[in-house]
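Subject: Structure handover

Hi,

Here is the structure I said I would pass on.

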Amino acid sequence: MVNNKYSKLLDNKIMATLFFEPSTRTRLSFESAMLRLGGKVIGFQTRDVSSVKKGESIADTVRTVENYSDIIVIRHPLEGVARMAAKFSSIPIINGGSGSAEHPTQALLDLFTIKEECGTIDGLNIGLCGDLKYGRTVHSLAYLFSNYNINLYFISPASLKMRFRITDWLRDKKMKFKETEKFKEILPILDILYMTRIQEERFLEPEEYEKVKDVYILTEKDLDNTKENFRLMHPLPRVGEISPDIDKSPKAVYFKQMKYGLYLRMALLALILKGNNFV
Ligand code: NCD
């Protein structure tokens with residue numbers, strides 16, 4: 001349970017959530033964050049209930065919603081839609097997930113989780129594992145990591161390697177990273193393993209998904225080969241890559257991670273709508 005004393009900080013503000021793709025944590029934690037700060041929430045959860053279904057453009061949707069709210073959170077299956085929405089909007093737009101490209105607020109909450117759990121970010125050995133091609137959370141996280149001194153391990157099947165756009169960026173920033181297909185060998189040296197779901201919905205060919213869907217499955221026994229302070233993270237939803245036996249281990253922090261997401265999004269909304277003066 002989270003503290004149930006509600007603030008009035010944003011009591012004259014309205015947040016619109018425009019979600020054109022499924023979501024549980026991102027949308028609900030943003031909405032809960034706004035409500036907990038005393039604000040109000042409007043929005044839709046699928047394309048089918050908005051006029052986009054009738055053919056309305058994102059530009060016109062944003063031009064409409066900006067009259068009804070003070071801030072917009074948008075999630076869309078196409079890359080770049082949040083950026084485009086921002087061009088047409090006079091109010092702040094938060095990217096709640098743009099196709100397989102980026103998920104910046106998830107990266108912020110992931111970084112916050114690491115800081116809370118490990119007390120530091122610099123000097124850690126961090127593995128990002130699973131779908132590094134289509135997984136938007138790992139893209140945004142890798143960009144954020146480039147501000148720190150981290151030893152990064154990208155663990156994925158050859159067909160789902162981290163995108164060149166990101167590895168090139170990391171090389172330019174002189175960031176240390178290794179790419180590998182095997183995760184069990186490096187498990188003993190990791191401080192953090194960030195598992196991801198293979199993003200079935202992004203695959204063009206179902207057979208390609210079938211080939212890789214079960215490549216990485218972490219079981220309770222695997223934790224025996226990890227450091228005492230090892231932490232296992234996942235942006236969730238998981239579909240089989242982390243065995244539920246692990247949930248009770250103090251090394252599993254994915255449920256805490258999603259709670260940290262609420263706090264992070266409260267801070268973000270307060271910062272954007274109230275500036276630095278909210279404390
Ligand atoms: C992720 C997403 O939507 O990109 N989930 C989330 O926002 N917590 C990860 C995923 O769908 O696999």
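Which residues surround the ligand? The model is predicted, so please read everything below as computed from it. The shell consists of Thr 26, Arg 75, His 103, Gln 106, Arg 136, Thr 137, Arg 197, Gln 199, Pro 235, Leu 236 and Pro 237. By type, these shell residues split into 3 nonpolar, 5 polar and 3 charged.

- Thr 26: an N or O atom of its side chain is 3.0 Å from an oxygen atom of the ligand.
- Pro 235: a backbone N or O atom is 3.0 Å from a nitrogen atom of the ligand.
- Leu 236: a polar backbone atom is 2.9 Å from a nitrogen atom of the ligand.

How much of the ligand does the protein bury? On its own, the ligand exposes 320 Å². The protein buries 93% of that area.

The ligand sits in the largest pocket. That pocket has a volume of about 430 Å³. Its lining counts 22 residues, and the closest to the pocket centre are Arg 75, Arg 136, Arg 197, Leu 236 and Pro 237.

Which helices each supply at least two residues of the lining? They are helix 1 (25-36) and helix 5 (136-145). Across the whole lining, the residues divide into 5 nonpolar, 10 polar and 7 charged.

Backbone points to check

Look at the step from Leu 236 to Pro 237. The peptide bond there is cis, with omega near 5°. Pro 237 belongs to the loop between strand 9 (231-233) and helix 8 (254-274).

Lys 174 is placed in the loop between helix 6 (164-172) and strand 7 (176-180).

Best wishes

Key. Residues are numbered from 1 along each chain as its sequence is written. This is a predicted model: local features need pLDDT of at least 70, side-chain atom pairs count only at pLDDT 80 or more; totals for chains, interfaces and linings use all residues. Side-chain values use heavy atoms; hydrogens and water are left out. A residue is near a molecule or strand if one of its heavy atoms lies within 4 Å of it. A polar contact is a pair of N or O atoms within 3.5 Å; within protein, one must be able to donate a hydrogen and the other to accept it, and residues adjacent in sequence count only if both atoms are side-chain atoms. Accessible areas come from the Shrake-Rupley method with a 1.4 Å probe; for residues, only the protein chains shown count as cover. On a 1 Å grid over the protein atoms alone, a cavity is a set of points where a 1.4 Å probe fits but cannot get out, and a pocket is an open set with protein on both sides within 12 Å along at least five of seven lines; lining residues have an atom within 4 Å of a point. A molecule sits in a cavity or pocket if more than half of its atoms lie within 2 Å of its grid points. Ala, Val, Leu, Ile, Met, Phe, Trp, Tyr, Cys and Pro count as nonpolar, Asp, Glu, Lys and Arg as charged, and the others, Gly among them, as polar. Grid points are joined across faces, edges and corners, and a volume is the space filled by probe spheres set on the points. Helices (H or I, at least four residues) and strands (E, at least two) are DSSP runs, numbered from the N terminus.
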